[in-house]
Amino acid sequence: MGNQWVLGLHLVFLSMFLVATKYTCLGAQNSTRSCHERERLALLEFKHSVKDDFEILSSWVGIDCCSWKGVRCDGVTGRVVGLHLRGDFGDYDYYEDGYYLEGDKVTPYLAELRHLQHLDLSGNNFYGSQIPKFIGSFKQLSYLNLSYAFFSGIIPHHIGNLSNLKVLDLRSSSYDETRLITSNDMAWVSGLSSLEHLDLSGVNLSQANNVDMVFYMIPSLTYLSLSWCGLINADLGLHLNSSKILPNIEHLDLSSNSFEGQLPHFFQNLTSLTFLDLSYYNLSLAWNSVNLLNMIPSLSELHLSVCGLHNAPFSPTYLNSSAHSNIQYLDLSCNSIGGRFPSKLMNITSLTFLDLSENLLHSSVPVMPNLLKLDVSYNNFEHIELVGIWRQCHLKELSVSGNHFGGEMIGPSSNTSECSHYALEVLEAQVNELNGSIPESLGRLRSLEALDLSDNKLTGSVPTFLGNLTKLELYYNQFSGSIPESLGRLTGLTYLDLQSNLLTGSIPESLRRLTGLTYLDLQSNLLTGSIPESLGRLTGLTLLNLQTNRLTGPIPESLGRLTGLTLLYLKSNLLTGPIPVTVGQLTKLVNLDVSENSLEGVVMEAHFANLSMLLSLDTSANHKLIFNVSHEWIPPFQLRNVQLSSCKIENGFPHWLQNQRKLVSLELSNTSLYGPLPTWLRNMSMIASLDLSNNKLIGSLINLPLSEYTRIILLQHNLLNGSIPRSMCRRRRLVILDVSSNRLSGNIPDCLENLQDMRMLILSSTGLSGVLPSSFGNIYSSLEWLKLNDNNFNGQLPRDLGKLRDLKLLDLGNNKFSGIIPKWIGKKLSSLEILRLHKNNFTGGIPHSLCQCSDLRILDIAHNHLIGSIPHCFGEMSGMIEARDENYRQYYEDTDVIDVIQVMKGIELDYTTTMGLVINMDLSSNKLTGEIPPEITALAMLMGLNLSHNHLSGSIPDSIGNMKALNSLDFSDNQLTGTIPPSMAALNFLSSMNLSYNKLSGRIPTGKQLQTLNDPSIYAGNRDLCGAPLPNNCSNPENPPATRSKKKYKKANGLRKVWFYLDITCGFATGFWGIIGVLAFKKQWRRKLFMIAEVTMDKVYVAVAVRISKIKRGRRDAK
């Protein structure tokens, strides 16, 4: 009994010891033991080596690095074992808060983390630096992810030392050659004996040796992706023992390489493989391609997109239901499979998803009872009935988009065996040119949850008979009428997109019943009335888009109840009143756009009180809206986009902007800003677009953001002074720079070769002077728009400008340039569309090489000192002959930064968004001679032609009536003769003409458009003109002699001139050689002639000397 008591006591103490030990150990594991000092310092060195604009490493302070975000330590030793620093560079959604680190390289101090097991630096930006070699020293590393971190160069073979590595992800972008990861030898993979997951997608292996070792030296692999690696058949190790190749592989992606021909035989040994992607493998000549499913019976998902299977023999020998019971997902898209539907696919009874999109099918789609998802979009089906909507009873998802069916949607025909029940839940039929109304027979699809009929030509009213819908997309159609009140019956709707239709009337109150709605897009319609207060009941909304309508009234305060709203677009309406303060309650709001309305009132801090997630704010073009926030205000958000243009900002430059460290776009044009640019603006390192135009800013340009990200700087129409600082050239990625209409001075800095991405450089009306730097020509070839007009530049044009081969607009007007117009302008700048050399000091003739600028639409070389004739080849400029398409005009409408000044109808006009419509030629106010070349009348699209104030002679070409688009014509102040051609009456668009002060004669033509030009001054200074609108009547009612007679007399006069000059030449030759020839052969005569000349000169000299002597003597006597 005593022994039992002692034993029991021992058991109690043992239990207490075990419990104590257990909790002590657990306590040790959970204790936050401080990390080692050397590792902490190494992490701080890493922090200092990168740029952290998104404050990912903001918690990296203090002595305990184990508590820092992204750092994981061992609970017992305190050693750093994990570094989780994944970013989303180049991958994040604009409307989600992105985050990433940037650095020139990974600091070698990280090598101190010798116990590291997990390292993730993916999604950051290391600017094309090489993968560090010291990573190979992390012997305990089991997870390494460097994907999409913008590394480049050769993969260091040291990674092969990581024998414990299980996951290696080096995915790279295969589109950016400057940041491309490569390998010259893949032998290092042989050391990765524990590797299970390997992803080298986008890594260039085209020059690598031993690529086949990836397939047979890592038997533990279960996941392998080698897409976009530049591989060929030889890299697959076809000569190897197939039993040793990837014995445990489950997921294999070999897509987007250069494989072709027969499939490798080792596929038949991949008994564990469930996923295979061979997209872009050329199987057109592979006899065993259709045997693929037999080779790998374990497959459940197979991708064969773009494999050249248009001739594949889909034979029942290979495709039978018993052999392929595991395949569920089959992708055969983009294979040019044409004609009849491959019916043998019906034998694959296990198939649940079939993708045949982007092929050439045009026959009826058969019924496949077990199929749940079918995609036959972008084929050649001519009728919607061929896809068998009413025959597919079991299908749950059907996509038939992009087949251009045309015609109306129709219900089941009388001879179609309808289903007792339709399982269809998703129907996508966008981009099919369907017209007519949506048939009510679609209501039979009672399981239908998502319907997408967008981008068609459907008309009628919005359907409301589809009671179970959760998603309805009808955008880009022609639905008209009002939004029906009955739409409120579709209480299951969560997604409604009716944008870009012709809907009218007001927003129905019944929408308040759609309490599950999360997405409502009614933009780009003709809706009127006010925004219903009842929309505030749709508390589940995440997007509300009502922009580009005709809505009036105030913004309802009830919108402040939409607490889940992330995107609110009310742009381009007729809204009035203030922005309600309740908007500040939308705690999840990311984007707020109320621009282009008539809002008024004061915007204060309270409007933004709780908008901590706001990324984009646009209130522009509300001219009565006033921003009045204190200098001390610190906003709760970090904006990426701020657009306050054409509002009024009080208290000068907004100080709260200096706290917006993630700002990418800042537009404060026409906001009453004044004073100098703030010094803190220089530190806004993320800004890509800056628009401070049309204000009253003063001072120099030195405080502009010094950021490599800066793409656009717009400072036009301010009062800025000083010179352009050389620091401007540090912005290597600058695309648009506009500092026009300021008060600058000095020269253009000679460092422009650094601006390799520059497309638009606008320095008009700045007061700059001097000669153009030669570095202009070294801005690569990206420069398309160069405007230096209205300055004090002088000298000749540097030849290096000819290197700007992509230049479309060159405006050097109103300067002091001199010399001849260089021939290289036409030979090298052949892409020019607008050339303006107006009002300079150019001399010489017009170079014929300008005719090589066939795309010219505006040629303005007026007000120079040019001589010679107008080149006949001007009539070959196709840009003034052929009409341009709508896309071309839209390009200029969207480019609202650029303007060009042209004289049309005698008035100097400034064209901006309509510049793409202007086609003009101005050669006026020079010293041009000769006749107007008749070839110039071939310029059928020319709108303005000004040849005034020259010395042109001859007659106006009879074919001038061919210039049908001519709107403005000025031939005044020349020496033109003859009659006004009757064909001018055919110029139906002519609204301004001036033929004054020439030598024209005869009757003024009448009829059509000329009848409206009844100002006598346009014919003044032509004494021999007669007829209306001049007061002098023509004495002879008949027209002057025909043009044919004039040409005959002209030809006769030409022959007389020839004979006249021939007579003079013969007479001169006879007289000259008659004397000189005799003197050449008669030496005695020649001596006699020289003696006579010498005596005569002596006599003349004596006579002159005597005369001068007498004059001097007479003057002395007079004194």
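This is a predicted model: local features need pLDDT of at least 70, side-chain atom pairs count only at pLDDT 80 or more; totals for chains, interfaces and linings use all residues.
How many aromatic pairs does the count come to?

1. Aromatic pairs. The count comes to 22 aromatic pairs. One of them joins Phe-215 and Phe-266 in a tilted arrangement, with 6.2 Å centre to centre and 50 degrees between the planes. This pair links distant parts of the chain, 51 residues apart: Phe-215 belongs to helix 3, and Phe-266 to the loop between strand 10 (251-253) and strand 11 (275-277). Phe-215 counts as buried because its relative accessibility is 0%; Phe-266, with a relative accessible area of 3%, is buried.

2. An edge-to-face pair. Phe-653 and Trp-680 pair edge-to-face, 5.8 Å centre to centre and with 75 degrees between the planes. Phe-653 is in the loop between strand 37 (648-649) and strand 38 (665-667), and Trp-680 in the loop between strand 39 (674-676) and strand 40 (689-691), so the pair ties together parts 27 residues apart in sequence. Both Phe-653 and Trp-680 are buried.

3. Further ring features. Phe-54, Phe-89, Tyr-100 and Phe-150 are linked into a cluster by ring pairs. Lys-471 lies over the face of Tyr-495, at 4.7 Å from the ring centre.

4. Nonpolar cores. The largest nonpolar core has 289 residues, and Phe-267 and Leu-859 have the most contacts inside it. Apart from it lies another core of twelve residues, including Leu-714 and Val-900.

5. Helix 2. The 13 residues of helix 2 (residues 37-49) should span 18 Å at 1.5 Å a residue, which agrees with the 18 Å between its end C-alpha atoms. Among its buried residues are Leu-43, Leu-44 and Phe-46. The buried residues of helix 2 pack against strand 1 (71-73) and strand 2 (80-84).

Methods
Residues are numbered from 1 along each chain as its sequence is written. Side-chain values use heavy atoms; hydrogens and water are left out. Helices (H or I, at least four residues) and strands (E, at least two) are DSSP runs, numbered from the N terminus. The expected span of a helix is 1.5 Å times one less than its number of residues. Buried means under 20% relative accessible area, exposed over 50%, partly exposed in between (1.4 Å probe, protein chains only). Contact means heavy atoms within 4.5 Å. A nonpolar core is a set of buried Ala, Val, Leu, Ile, Met, Phe, Trp, Tyr and Cys residues joined through side-chain atoms within 4.5 Å. Rings of Phe, Tyr and Trp (its six-membered ring) pair if their centres lie within 6.5 Å; planes under 30 degrees apart count as stacked, over 60 as edge-to-face and the rest as tilted. A charge sits over a ring if NZ of Lys or CZ of Arg is within 6 Å of the ring centre and within 35 degrees of the ring normal.
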